[in-house]
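Dear colleague,

I am passing on the structure below, together with some notes on what turned up when I went through it. Please read them alongside the coordinates.

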Amino acid sequence: MPLPWSPSSWREHAAAQQPEWPDSAALDLVLKQLATYPPLVFAGEARALTGSLAAVAAGEAFLVQAGDCAESFDTFSADAIRDKLKVILQMAVVLTYSSGVPVVKVGRIAGQFAKPRSSPFERVGELDLPSFRGHMVNDIAASADARLPNPERLLTAYHQAASTLNLLRAFTKGGFADLNRVHAWNQEFVASSNEGRRYEAIANGIERALRFMAACGIDVTSEHQLHQVDFYTSHEALILGYEEALTRQDSLTGDWYDCSAHLLWIGDRTRQLDGAHVAFLAGVANPVGCKLGPSASVDEVLALCEVLNPDRIPGRLTLVTRMGAGAIEAVLPPLLRAVRDAGHPVVWACDPMHGNTFTSGGGRKTRHLDHVLSEIAGFFAAHRSEGTWAGGVHVELTGEDVTECLGGAEEILDHHLGQRYETMCDPRLNARQSLDLAFRVAELLRG
Ligand code: PEP
Ligand code: CO
């Protein structure tokens, strides 16, 4: 008989992608401390997100999960949080207004601090250094010292996540996300672009609709859905000691919740069926995600569904496919068919970023918006052919005017990449490219 699940039972399994902490006593001390800290989210909120995702699984809503590849300790500011939230709200407005489908909003934010790496070492200039694993683990500076994992960073990550979440709650519940402010979300550098003008037209439409409702005698001030937004947090549950320390038993239900975020996901590199990440997330009651790259077989995916959602709770499991634009139409349909025929009520989301990364002529890691949009189109086509619901998108973006991904209506070319290339990890869409993407997805949803 296997032992019952506990927050520490992942320790019986092989855990991929864990840092080699130089001082295990120091790590233990930090984890003990974290275990005494207040939870960042509440079980009831995680349950509410499962409920919203159940609507996505049923084909009645659409998921937008978006944010940084890796959040940074260095560029932590109210403006950066606000601008990221603005873009996600704008995308949601475009999608809801143009397609009539409600949008579930989840940020890769307030905890997205750890990165899996393809190699434990990387070449930086003339140096071979331990890889940067996210600010929760080590620093990106090019020295052996900076790259040494430091458990104090887990505490910094917790505190930064707490402050970020605090501001997000204030913004989304305190008036900033009010539908009367749709114009104000359009940042200056976006407003003057093609995408910004298309967005402005929608914002005008919403303003007119609100005035119309008020003129009809509807009390628009008392409808809280018009003035507040439900916004959820998520990150890759990579550093399992941290996740374990924030896992708490819900006093209402007795279930365990990982209270570091509303939704946690398993990366493509850590989805081994007998591995620690799957073992850990199998036992928490949060909604969970699992990335699926092109190597995921039908048998693996069905087994993941069984382990992660044995009770087939709608909204519990989101499968995030990241196949690459060239592969998706061949590899996705057999998975859709198998999961559908097995009766698993999953959310299918498309990550059109991670299968489309390449090195530009100038030597920078980039992605082309055309490939990103082409993977999304392939995702919708595969769902259409299998009669399943293309449930959402999962993208890496920032609210800032960066030049990290190529393409877009205001085209970013190879020689522009150096102008504002600021990501610590993967290249992100800027605000205009993100809106571009939302308009394209809205067309596919209508189609
Ligand atoms: C990521 O989402 O940043 C990531 C590393 O993705 P994947 O696990 O799909 O490679
Ligand atoms: Co990434």
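In sequence, the donor residues of the cobalt ion (ligand 2) follow the spacing C-x284-H-x41-E-x29-D, and in this predicted model the donors are C69 through SG, H354 through NE2, E396 through OE and D426 through OD, at 2.1 to 2.4 Å. The pair C69 and D426 links distant parts of the chain, 357 residues apart: C69 lies in the loop between β1 (62-67) and α3 (78-99), whereas D426 lies in the loop between β14 (392-396) and α12 (431-446).

Are these two residues buried or exposed? C69 has a relative accessible area of 0% and is therefore buried, and D426, at 8% relative accessibility, also counts as buried because the cut-off is under 20%.

The other point concerns a pair of helices. The axes of α9 (residues 298-308) and α10 (residues 328-341) come within 10 Å and cross at roughly 40°, so that α9 and α10 are oblique to each other, and their crossing is right-handed. On the α9 side the contact is made by V298, V301, L302 and C305, and on the α10 side by P334, L335, A338 and V339.

Technical notes
Residues numbered from 1 in each chain as written. Chains lettered and ligands numbered in written order. Predicted model: local features only at pLDDT ≥ 70, side-chain atom pairs only at ≥ 80, totals over all residues. Heavy atoms only, no water. Donors = N, O, S within 2.8 Å, 3.2 Å for Na, K, Ca; no water. Helix = DSSP H or I, 4+ residues; strand = E, 2+ residues; numbered from the N terminus. Buried < 20%, exposed > 50% of the residue type's maximum accessible area, 1.4 Å probe, protein only. Axes fitted to C-alpha atoms, helices over the stretch in contact; angles between N-to-C directions. Parallel < 35°, antiparallel > 145°, perpendicular 65-115°, else oblique. Left-handed = near helix turned anticlockwise from the far one by under 90°. Contact = heavy atoms within 4.5 Å.
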